[in-house]
Amino acid sequence: MFIKDEYINREYSWLLFNKRVLDQAADKSVPVLERAKFFSIFCSNLDEFYMVRVGSLYNQNAVSPKTRENKTKLTASEQLSGIFAHTKKLCRTAGKIYELLKKDLKESGIKQVRGNLNDKQRAELKKYFTASVLPFLSPMVLDAKHPLMRFENAHVYLILRLEKGGREMIGVMPLPAKVKPVYVFSGKKTTFITLEDMVKELGAMAFAGYKCLGSAMARVTRNADFETDEADCDSEYDYDFAKYLKEKIEMRASFDAVRLETDGADDECVAFLCRNLHIKDKQCFALDYPLDAKYLGKIGDMLPDDEAAARKYAPFRPKGSGGGDGSMIARVMRGDVFLSYPYDSFSALVRLLEECAESKEVASIKITIYRLDDRSRIVEALKRASENGIEVTVVIELCARFDEENNLYYAHVLKEAGCTIFYGVGNYKVHSKIVSIVLNRGGEARYITHLGTGNYNESTSRLYTDLNIITANEQIGRDGAAFFRNLAIGNIEQDYEKLLIAPHSLKSGLLAYIDRETEKAKRGESAAITAKMNSLTDLDMIRRLIKAGQAGVKVHLIVRGICCLRPGIEGKTDNIRVISIVGRFLEHSRVYAFGPDGQDIFISSADLMTRNTDKRVEIATPVLDPAIRAAVFAKLETMLSDNVKARELHASGEYLPVPRPDGAKPVNSQEDIL
């Protein structure tokens, strides 16, 4: 159903990706607390998938039910049915892995109690519950004067069937947000119970005077997908887009339910919820693991630091890249600086901006922002620069999904500091990662430009692999300055000297390089394309890569997540190899290399997805420095040789471990690069 000809359905491919994340929770070579974190990430990923992708398909089905996607030709309704069926299988697998994980945590000294309390534990828990949980509970019995409450998105509730005076009714109670998610029993400091399981055990105490006939834990996922359309906004020049977006965000709470998760404990409670939430059986999932698994990412906190560290990846310190303790401006003027996160320190870029904020030579700093850390040193440097009289312009994308409120806050903070703020151009999200610094040296403009593949977010720079170049190249500097001028006037139809910029020239530029390699292969010359990205869905790109492979180009793709290209079909895609690497760090960099030895390489903010190539403002920059180009290509070659974490996509649609011949050296690309 999800595979047709040379294509794999995007939603199915994403579910396969999340299964690879789940596999890390079962991998005994991964430290046990890291495995717990991977399980939590799997659950969080699935939440967002249902809120956004399933939500989007619901919207599409309501508006244009006969529309078919352009690869496997499925309608939205057909995709939804397939997603629900595959999720059932995925949840069953997750339940088995959770039990294994719980067993391994117990063997490492961390015991979770679930419904099997001894008398001493029950007495202790009841005392704690009465004093520290019960006062924060808000129970409600549903009747004519207490109608069904609106279930908040992703919040856990206790549902009870109650009886009083021969009359049956329903009780509903949300888990309190202000209570700790776990309780650690006295004596053994590593035996704990979650708030979810505690309320399941003792929550009926909140319904004094009622007899409990049955209960179930439940969690609703709501459609969180909305589009922001310029046509929705008043076209007057003084219209406040921030206010418009805030109203949109607040609407999320009222969107329809798309998924119901329960512990499956009481069929009548579940049936009541399905009726009232208009949820069909195929959208209802009975889980053998907690409905809220966020606690799994933090259970190491109950251990002493040294014991927790022994159950995690060995810590490392990023390399202090850049100019040492000297001037970053002077260092960049001597030659390009290459930063590879998380292996290199984010501090080099912060130091550059802090130095620029105090420099008499710097005339302007301009930056695009998509996602920021909660405590951003980048923002502090920009504020300082503005206070010192430097022109600071910030293009902040308010529509960065689930970061809208954070970006609204920073937009206000930067505006108050005197920075010029605007929110992009037309209906295009600004997803590019660029800083343009213009210096005035004796009346002559000099440039420093930062271009990267990831966000200006210090927290994720320690977890995501991203590539960055800081350059004083004159052509790229002029391009960067022109890019911000064009954004400010709404001009996206512009060619640049060196940069490829979507939606105008990035796609056509990369396609031209693919065509170049195709023509080389047709002439009998050695030709290759090596590309790394998060997702590959753009149909034009896929077709052109298939054409290149058929001409004899060796195509190597490292695609972490969604891949809609089906490799390995004899005579069609057998010259194309696709691998995915899921490991300690989140592979996030986008690299497009052309030629057998990577003679031409671009790093980019853009995946090869239609939303990136046609519907966003993205940048691909050529890697001009030969040493940096060689370093980037070497990283790609290391990843292609991975036989530990890499999974290879086969024509069957399965991702299978890369075979390792007897005696061959294990290659874990992330650990080797680290």
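Which residue lies over the face of Phe285, at 4.8 Å from the ring centre?

## Charges over rings

The residue over the face of Phe285 is Lys88, at 4.8 Å from the ring centre. The model discussed here is predicted. Another charge over a ring involves Arg259, whose charged end sits over Tyr50, 4.8 Å from the centre of that ring.

Phe285 and Tyr50 both belong to a cluster linked by ring pairs. The cluster also includes Trp14, Phe17, Phe49 and Phe84.

## An edge-to-face pair

A pair of aromatic rings is described by the distance of the centres and the angle of the planes. The structure holds 20 aromatic pairs. In one of them, Phe316 and Phe585, the ring centres are 5.7 Å apart and the planes stand at 70 degrees, so the pair is edge-to-face. Phe316 lies in the loop between helix 8 (305–310) and helix 9 (328–334), while Phe585 lies in the loop between strand 23 (576–581) and strand 24 (586–587), so the pair ties together parts that are 269 residues apart in sequence.

The two residues can also be described by their accessibility. Phe316 has a relative accessible area of 28% and is partly exposed. Phe585 has a relative accessibility of 5%, so it counts as buried, the cut-off being under 20%.

## A tilted pair

Tyr341 and Phe346 form a tilted aromatic pair, with 5.5 Å from centre to centre and 50 degrees between the planes. Tyr341 is buried, with a relative accessible area of 2%. Phe346 also counts as buried, at 5% relative accessibility.

Definitions and conventions. Residues numbered from 1 in each chain as written. Predicted model: local features only at pLDDT ≥ 70, side-chain atom pairs only at ≥ 80, totals over all residues. Heavy atoms only, no water. Phe/Tyr/Trp six-rings, centres within 6.5 Å; stacked < 30°, edge-to-face > 60°. Helix = DSSP H or I, 4+ residues; strand = E, 2+ residues; numbered from the N terminus. Buried < 20%, exposed > 50% of the residue type's maximum accessible area, 1.4 Å probe, protein only. Lys NZ or Arg CZ within 6 Å of the ring centre and 35° of its normal.
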